[in-house]
Amino acid sequence: MSAILVLGTIVGFAPASAQTYDPSYPVCMHVYGEKIGERIDCTFTSFAQCAATANGLPATCLVNPYAADARRLPLPRPHGRRRGP
């Protein structure tokens, strides 16, 4: 009986396996706002894929800092034209 109690205690203190920034995916979507809740979703392989999912949501796409190839990922271009002086 005491062995079960000790085992249960050890398992209860084990670190959680869930990770916000999944290193398998180079792009994350940060969703913010009170209505739908704030969260970070790192399940995207490109900025285009993330932007399509984020369309209409209070969200932004960003480079996953824990992805293996995050430094090689091209940044998205800003939308619209730049206005000159």
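A note on the ground rules. I am working from a predicted model, where local features need pLDDT of at least 70 and side-chain atom pairs count only at pLDDT 80 or more, while totals for chains, interfaces and linings use all residues. Residues are numbered from 1 along each chain as its sequence is written, and side-chain values use heavy atoms, with hydrogens and water left out.

Disulfides. I found two of them in the structure, taking a disulfide as a pair of cysteine sulfur atoms within 2.5 Å. Cys28 is joined to Cys42, S to S 1.9 Å. That pair links distant parts of the chain, with Cys28 in strand S1 and Cys42 in strand S2, 14 residues apart. Helices (H or I, at least four residues) and strands (E, at least two) are DSSP runs, numbered from the N terminus. I checked burial too: both Cys28 and Cys42 are buried, where buried means under 20% relative accessible area, exposed over 50%, and partly exposed in between (1.4 Å probe, protein chains only).

The other disulfide joins Cys50 to Cys61, S to S 2.0 Å. This link is left-handed, at -95 degrees about the S-S bond. Cys50 sits in helix H2 and Cys61 in strand S3, so the pair ties together parts eleven residues apart in sequence. With the bonded cysteines of the protein chain numbered in sequence order, I read the pairing as 1-2, 3-4.

Sheet. I traced three strands in an open sheet, order S2-S1-S3, with antiparallel pairing; two strands pair if DSSP finds at least two bridges between them. S2 (39-44) and S3 (59-63) are the edge strands, each pairing on one side only. S1 and S2 pair over four bridges, and His30 has Ile40 in S2 as its bridge partner.

Core. Which residues make up the largest nonpolar core? I listed eight: Val27, Met29, Val31, Phe44, Phe47, Cys50, Ala54 and Ala59. A nonpolar core here is a set of buried Ala, Val, Leu, Ile, Met, Phe, Trp, Tyr and Cys residues joined through side-chain atoms within 4.5 Å. Strand S1 (27-31) and helix H2 (47-54) each supply at least two residues of this core. Cys50 counts as buried because its relative accessibility is 0%.
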